[in-house]
Amino acid sequence: MIPKSITIYGVKYKVKIDPKLESAGLFECQRLDKKNLISIFKDDIDSMLYAYLHECLHGVFEEGRVNEVVPPEIEEVITEQTVKFLLKNFTVEPKYR
Ligand SMILES: [Zn+2]
């Protein structure tokens, strides 16, 4: 299952499963005047894990300040390619604590 929160570089994000979400996932953060929130569309577990990993990587870009030097469309490509690579070659499972 998907954890209820994740800490990315020391910053806590709430994780919400949202059956009404209009995309597979959504990343929001305080720097853009939102709550620190990762929303995931309610779907089968593989799709939810895919979306969760994808949105978490946006969090890594945000909190690592990589997005200050990488344009959003390039970030999207890197995020997609990284998620596909990880899920194809590794057993990816969220940690719960
Ligand atoms: Zn994305």
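How many of the 97 residues of the protein chain count as buried? The share is 19%, where buried asks for 20 or more other C-beta atoms within 10 Å of a residue's own (exposed is 12 or fewer, partly exposed is in between, and C-beta atoms are placed from the backbone).

Before you click around, know that this is a predicted model: local features need pLDDT of at least 70, side-chain atom pairs count only at pLDDT 80 or more, and totals for chains, interfaces and linings use all residues. Numbering starts from 1 along each chain as its sequence is written.

**Stop 1: the whole chain.** Show it as a cartoon. You'll find two helices and four strands, and from the N terminus they come as β-β-β-β-α-α. Both kinds are DSSP runs numbered from the N terminus: helices are H or I with at least four residues, strands are E with at least two. The C-alpha atoms fill a box of roughly 35 × 30 × 30 Å along the principal axes. The radius of gyration, taken over C-alpha atoms, is set against a globule rule of 2.2 Å times the number of residues to the power 0.38. For 97 residues, a compact globule would come out near 13 Å, and the protein chain agrees with 13 Å.

**Stop 2: the sheet.** Select the four strands, which form an open, mixed sheet in the order E1-E2-E4-E3. Its edge strands are E1 and E3, each pairing on one side only. Here, two strands pair if DSSP finds at least two bridges between them. In general, strands of a sheet pair through backbone hydrogen bonds, parallel or antiparallel.

Zoom in on E1 and E2: they run antiparallel, joined by four bridges. Pick Ile 6 and you can look across to its bridge partner in E2, Tyr 13.

Now hop to E3 and E4, also an antiparallel pair with four bridges. Phe 27 has Ile 38 in E4 as its bridge partner.

**Stop 3: helix H1.** Select residues 45-63. Colour its buried residues, among them Tyr 50, Leu 57 and Phe 61. What covers them includes strands E1, E2, E3 and E4 and helix H2 (72-89).

**Last stop: Arg 65.** Just after H1, Arg 65 takes a positive phi of about 60°.

Technical notes:
Expected span 1.5 Å × (residues − 1). Contact = placed C-beta atoms within 7 Å.
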